[in-house]
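Please keep the sequence and the model in view while reading.

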Amino acid sequence: MQLSEQLARHEAKMRALFAEFETLARQVETFGRRSFLKLAGITGGGLVLAFKLEAQASGAQANAAGSPDLNAFVRIAPDDSVTLFSKSPEIGQGIKTAFGLIIAEELDADWKKVKVEQAPVKPKVYGYMGAGGSTSIPRGWDQLRQAGAAARFMLVSAAAKQWNVPASELSASASVVTHKASGRKATYGELAQAAAALPVPDAATLKLKNRADYTLLGKRYTGVDNKKIVTGQPLFGVDVQLPGMLISNYVMCPAAGGKVKSANLDEIKKMPGVVDAFVLEGTEDLTEVKPGVAIVAKSTWEAFKAKAALKVEWDESNASKDSLTQLAAKAKELARKLPAPATNVGDVDTAFASAGKVVEAEYDYAMIGHQHLEPQNATAWWHDGVMEIWSPSQGSDRGLADVAKMLKLSEDKMIVHQTRAGGGFGRRLMNDYMFQAAAIAMKVNAPVKLQWKREDDFAQDFFRAGGFHYLKGAVGTDGKLSAIQTHSVGFSADGTHSVMGSGRSNNSFPTDMAPNTRHAITLLPLLTPCGPWRGPTDNVQWFASGSFLHELSVAAGRDYVEFLLEWVNRPRAAGREPGQGADGRPAPTPDLSRVFNAARASGVVKMAAEKSGWGKKLPAGRGLGIAFAFGYGGHVADAVELSVDANKHITIHKITAVADIGPIVNIGGAENQLQCGVLDALSAAMYEEIGVEQGRVQQTNFHQYPILRMRSAPPVDPYFIQSDFRPAGLGEPSVLALAAALGNAIFAATGTRVRTMPLSRAGYTI
Amino acid sequence: MAFLLNINRKATTVDVPADMPLLWVLRDVLNMKGSKYGCGIGICGSCTVLMDGRPVRSCTTPVSKATGKIVTIEGLAEEGELHPVQQAWIDLDVAQCGYCQGGQILGATALLKEHPKPTDEQIDEAMNGILCRCGAYKRIRAAIHQVAEPQTKAEGAIHAAE
């Protein structure tokens with residue numbers, strides 16, 4: 001299969017995945033609609049509340065309580081301990097702590113008695129188990145609360161029965177049920193056995209708490225695995241150790257699409273510690289097994305030494321010959337040659353002709369990589385007709401199904417364990433290391449851990465594409481935004497669709513961003529594999545959009561916060577905000593929580609302005625920049641205050657970051673994530689750039705790809721506006737607004753506009 | 001070849017190639033997974049261990065050169081008692097993904113031994129070599145200051161069960 005066809009298939013899969021993320025995050029995943037709660041087997045006594053999805057219910061009668069594919073969300077033991085199961089991968093976003101808290105809130109559990117365990121990867125039981133698109137919290141929100149509420153209902157009912165009083169006279173708090181009138185009390189542990197004998201309530205009838213009644217959510221909690229982290233206990237994919245386990249490295253062509261012609265396998269097999277070396281033909285799918293050479297050794301060091309000695313002759317007849325230098329030159333040449341517009345609203349030409357001011361600008365941004373700190377890995381063990389895998393993936397649930405297909409195994413012959421992941425940032429939505437480990441394990445009579453080198457992570461990433469925008473905008477003689485014309489020059493694998501991250505986003509450049517708009521797209525062919533990077537597409541497009549809106553406000557002589565508030569409250573195309581009330585604020589129903597909302601947008605802009613001291617007198621040489629962004633259900637605004645010296649060295653004095661993502665589960669975790677997301681965006685904006693020549697990635701390790709360090713990390717003050725909207729996640733929204741705020745601050749300080757990322761291209765350092 | 005190592009206050013003998021980095025001796029031979037592989041060329045700091053109290057990169061330290069007293073993240077707590085730096089890391093909920101934090105904690109421990117009340121500049125100097133890809137630098141800094149001046153301890157967060 002041609003490389004372009006393989007890439008097109010990968011891109012189509014990723015588009016479908018993100019469309020599914022967004023569609024399903026807008027739906028309420030509950031037990032009432034698609035599944036039912038059930039008592040699971042009682043081991044060691046106590047209450048074990050499990051559930052199964054309705055799709056599987058036909059076979060459920062055959063599953064007696066305690067059958068292995070019933071899984072618990074909640075387990076309450078007679079010793080009063082509460083065990084909750086987290087179904088999403090923990091990649092550093094704090095989901096394991098957050099999911100535990102959401103269940104514990106409705107359960108009215110004593111958090112000090114709660115343990116949270118990673119659920120086994122069983123998508124047929126748990127439903128969606130991935131982490132991506134900032135959808136874990138919105139998708140789990142109702143389901144998890146129902147699980148907690150159902151268990152609480154049963155415990156209270158058990159007490160009511162024992163004391164022969166109506167359940168309505170009982171209250172529950174911190175794992176204790178109390179009958180106020182008689183002063184009787186019982187712990188959850190004491191009630192668990194009796195509760196387990198009661199029928200499970202219909203989840204749809206359970207009343208969930210209002211935000212005002214929360215006793216756990218919204219406070220500051222430490223992570224449930226903190227002690228293990230600080231004492232170096234094994235948690236991550238790379239930490240998996242099995243008896244007799246071997247270590248493998250997989251050597252792939254440095255240019256995507258290359259195949260093995262020949263390799264010095266005999267020589268390699270004689271090296272110390274090497275157990276085997278063999279060629280895998282690959283599966284014609286870049287996200288599965290690319291063609292390559294597997295080295296299997298007794299230790300990681302011996303595998304890496306063998307890799308260094310391996311000589312492969314590659315067949316590159318079907319491989320990428322991409323040159324990003326040439327593509328950038330081509331894009332620049334095409335930027336001002338507009339093709340027929342993809343969308344056209346109003347009359348842009350008349351608006352330009354009658355404008356008070358017209359501004360034209362070209363923005364561009366580089367390709368970047370993920371480089372989470374734990375290199376790709378997975379451990380696979382083929383035994384007893386079963387493929388057992390340990391993986392730090394963001395999508396082990398899809399990995400289970402897809403690896404089963406590759407191996408032609410039924411899914412019940414797959415056992416997948418989710419490990420903690422040392423970062424993800426979107427890279428681990430591709431499961432290539434799972435497939436590779438499984439394919440290698442099929443040929444090795446032992447458990448085998450696949451361990452990539454850092455250099456492999458650089459060469460074999462799925463990158464965030466670079467891009468170019470030629471923008472033209474007008475403000476009327478009244479100082480108001482009247483027209484925007486955009487031409488996005490991006491990249492495509494199939495000639496029709498932009499690769500992820502490229503092209504144009506309707507969040508950053510909406511068709512109704514001005515009364516008159518015209519958007520055009522040009523796509524250049526690209527054979528370098530791309531994929532989702534934190535806040536896909538919007539992560540860079542808000543840089544261009546938010547900077548350009550600032551340019552227009554400057555041209556109009558307007559205050560930018562005033563201009564921005566006018567912009568977020570602009571008349572919007574019909575149908576964008578269904579059910580919008582007279583005050584412009586939609587009712588907080590699930591379907592509207594992820595939609596752009598002018599009131600929420602105004603809220604974050606105003607708070608960022610207030611907290612950063614917008615309008616204050618700054619010392620000479622200092623500048624304050626502000627920017628707004630919306631995406632992945634989150635409304636965010638950042639303000640950056642900085643100085644720039646004569647050598648273009650930037651000192652950031654303070655970053656103010658504001659987010660409205662609905663109610664906050666763990667304020668400590670949310671603050672950490674917002675601060676870290678802003679710094680990730682700062683790192684990408686300042687330094688990060690991947691070069692590709694002759695299809696080969698030019699950077700091999702961190703010395704050629706600097707990432708923000710302690711000395712350059714400015715203070716970030718996080719703020720949240722909480723509301724009764726359903727919660728959004730934070731991993732994606734937190735990175736969206738920083739780059740434009742940074743560029744706008746540099747302009748405020750120096751009068752120089754930055755229109756390229758990373759800023760190191762324009763000579764800036766931090 | 002046989003090498004006699006002193007790891008976490010215990011003498012340990014390993015039979016490995018002389019060029020095997022200490023990191024892989026720890027991880028693959030001794031099954032101590034706390035020291036992490038990040039870059040393999042000594043510039044990310046995830047593999048940091050203490051040798052005679054100084055932070056060293058175990059990924060570029062051949063076992064033959066690992067002749068000092070080595071403390072890994074697994075050995076920082078003595079007799080079940082967490083080191084104050086570890087406790088501060090828990091209390092301030094420093095970690096995001098947590099992968100680099102063993103190296104960060106050991107780097108901070110060495111810094112605090114040399115400068116019990118480090119300035120921000122001294123923290124930058126000592127910690128700049130240890131990359132946190134998630135960017136948890138603000139809390140790393142705050143945790144170091146908290147160990148140095150425990151009386152400034154902020155209102156505690158709620159801890160999970162152990």
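## A covered helix

In helix α9(A), the buried residues are A:Thr300, A:Trp301, A:Glu302, A:Ala303, A:Phe304, A:Lys305 and A:Ala306. A residue is called buried if 20 or more other C-beta atoms, placed from the backbone, lie within 10 Å of its own. The helix spans residues 300-309 of chain A, and seven of its ten residues are buried, so that α9(A) is mostly covered. Helices (H or I, at least four residues) and strands (E, at least two) are DSSP runs, numbered from the N terminus. The cover of these buried residues includes β9, α8, β11, β12 and β19 of chain A, together with α1 of chain B.

The model is predicted: local features need pLDDT of at least 70, side-chain atom pairs count only at pLDDT 80 or more, and totals for chains, interfaces and linings use all residues. Residues are numbered from 1 along each chain as its sequence is written, while chains are lettered from A and ligands numbered from 1 in the order in which they are written.

## An open sheet

Six strands of chain A form an open sheet with mixed pairing, in the order β14-β22-β21-β20-β15-β29. Its edge strands, β14(A) and β29(A), each pair on one side only. Two strands pair if DSSP finds at least two bridges between them. β14(A) and β22(A) (residues 516-525) pair in the antiparallel sense over three bridges, and A:Asn344 has A:Arg518 of β22(A) as its bridge partner.

## The nonpolar core

A nonpolar core is a set of buried Ala, Val, Leu, Ile, Met, Phe, Trp, Tyr and Cys residues joined through C-beta atoms within 7 Å. The largest such core has 289 residues, of which A:Ile295, A:Ala437 and A:Ala737 touch the most other members. The element that gives the most to this core is α5(A), with 13 residues.

Two residues are in contact if their C-beta atoms, placed from the backbone, lie within 7 Å. Neighbours within four places in sequence aside, the contacts of A:Ala737 include A:Trp542, A:Gly546 and A:Phe628.

## Where the chains meet

How many residues of chain A are in contact with chain B? There are 55, and they are in contact with 52 residues of chain B. On the side of chain A that touches chain B, β5, α7, α9 and α18 of chain A are the elements that give two or more residues. The largest share, six residues, comes from α18(A).

Definitions and conventions
A residue is buried if 20 or more other C-beta atoms lie within 10 Å of its own, exposed if 12 or fewer, and partly exposed in between; C-beta atoms are placed from the backbone.
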